[in-house]
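Here are a few friendly notes to read alongside the structure. Take the points one at a time, and find each residue in the viewer as you go.

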Amino acid sequence: GDLGLKEMTVTQPTPTQLSPRLADTSIRLEHALTKDVLNRKLSERPSLRDLVDAGVMKPTSLSVSPCLAGPAEKLELSLRHDRLGRKLGRRPSRELVTEAHILRTASHLDPSLAPAADALQQQRKRDAASDRLRSCGISTAIMV
């Protein structure tokens with residue numbers, strides 16, 4: 001807010017204490033000084049590209065007017081939401097992918113337990129096969 005004028009603050013007489021001509025010159029000089037300080041600060045500020053690269057501004061800021069940036073962002077989010085909804089709507093059901101042997105875990109298990117559940121299922125099948133063979137009188141000592 002101060003535009004760098006605090007550095008140059010000097011106690012000066014108020015314009016009412018000066019002659020009208022000096023007061024007018026003083027006001028013009030203050031305006032010129034303010035304008036120069038403002039121009040210097042504006043020339044030193046980073047470009048929009050630098051702000052986007054630094055992550056301060058969004059990339060849409062480069063192609064969209066600032067007054068349209070908010071609505072454009074909401075529209076983009078809405079489009080993404082709709083696209084995701086359509087893709088999820090076309091996704092096959094859990095039962096279908098389980099029947100196709102794509103998904104091997106039961107729906108009540110956490111996916112991180114899938115490998116252990118699969119190994120347990122395989123072991124149960126081997127045990128059941130061994131029990132059937134033994135009941136027929138066939139030795140399962142060689143089977144692994």
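1. **A loop residue to start with.** Please keep in mind that this is a predicted model. Begin at Met57, which sits in the loop between α2 (48-53) and α3 (66-90). Is Met57 buried, exposed or partly exposed? Its relative accessibility is 33%, so Met57 counts as partly exposed; the cut-offs behind that label are under 20% for buried and over 50% for exposed.

2. **The overall plan.** Now zoom out to the whole protein chain. How many helices and how many strands are there? The protein chain has five helices and zero strands, so reading along the sequence gives the pattern α-α-α-α-α.

3. The protein chain has 144 residues, and 8% of them count as buried. Next, take the contacts between residues with a separation of 6 or more: 28% of them join residues 24 or more positions apart.

4. Side chains of opposite charge can pair when their charged atoms come close. Searching the whole structure turns up six salt bridges. One of them joins Arg28 to Asp24, with the closest N and O atoms 3.1 Å apart. Where are these two in relation to each other? Both belong to helix α1 (residues 20-44) and they are four residues apart, which means that about one helical turn separates them. Arg28 counts as exposed at 51% relative accessibility, whereas Asp24, at 39%, counts as partly exposed.

5. **The pair in α2.** Asp53 and Arg49 also meet through their side chains in a salt bridge, with an N to O distance of 3.7 Å. They are four residues apart in helix α2, so about one helical turn lies between them. Asp53 is exposed, with a relative accessible area of 56%, while Arg49 is partly exposed at 45%.

6. Lys58 pairs with Glu73 in a salt bridge, where the closest N and O atoms are 2.6 Å apart.

7. **A backbone detail.** Most residues other than glycine have a negative phi. With that in mind, look at His101: it is not a glycine, yet its phi is positive, about 60°. You will find His101 in the loop between α4 (94-99) and α5. At 67% relative accessibility, His101 counts as exposed.

8. **Helix α5 from end to end.** Helix α5 covers residues 114-135, which makes 22 residues. How far does α5 reach from its first C-alpha to its last? The distance is 32 Å, close to the 32 Å expected at 1.5 Å a residue. After α5 comes Gly137, with a positive phi near 85°.

9. Which residues of α5 are buried? They are Ala114, Asp118 and Ser130. These three lie on the same side of α5, because they cover an arc of only 150° around the axis. On the face turned away from that buried side, α5 carries the exposed residues Ala116, Leu120, Arg124 and Ser135.

Methods. Residues are numbered from 1 along each chain as its sequence is written. This is a predicted model: local features need pLDDT of at least 70, side-chain atom pairs count only at pLDDT 80 or more; totals for chains, interfaces and linings use all residues. Side-chain values use heavy atoms; hydrogens and water are left out. The expected span of a helix is 1.5 Å times one less than its number of residues. Buried means under 20% relative accessible area, exposed over 50%, partly exposed in between (1.4 Å probe, protein chains only). The arc is that of the directions from the helix axis to the C-beta atoms. Contact means heavy atoms within 4.5 Å. A salt bridge is a side-chain nitrogen of Lys or Arg within 4 Å of a carboxyl oxygen of Asp or Glu.
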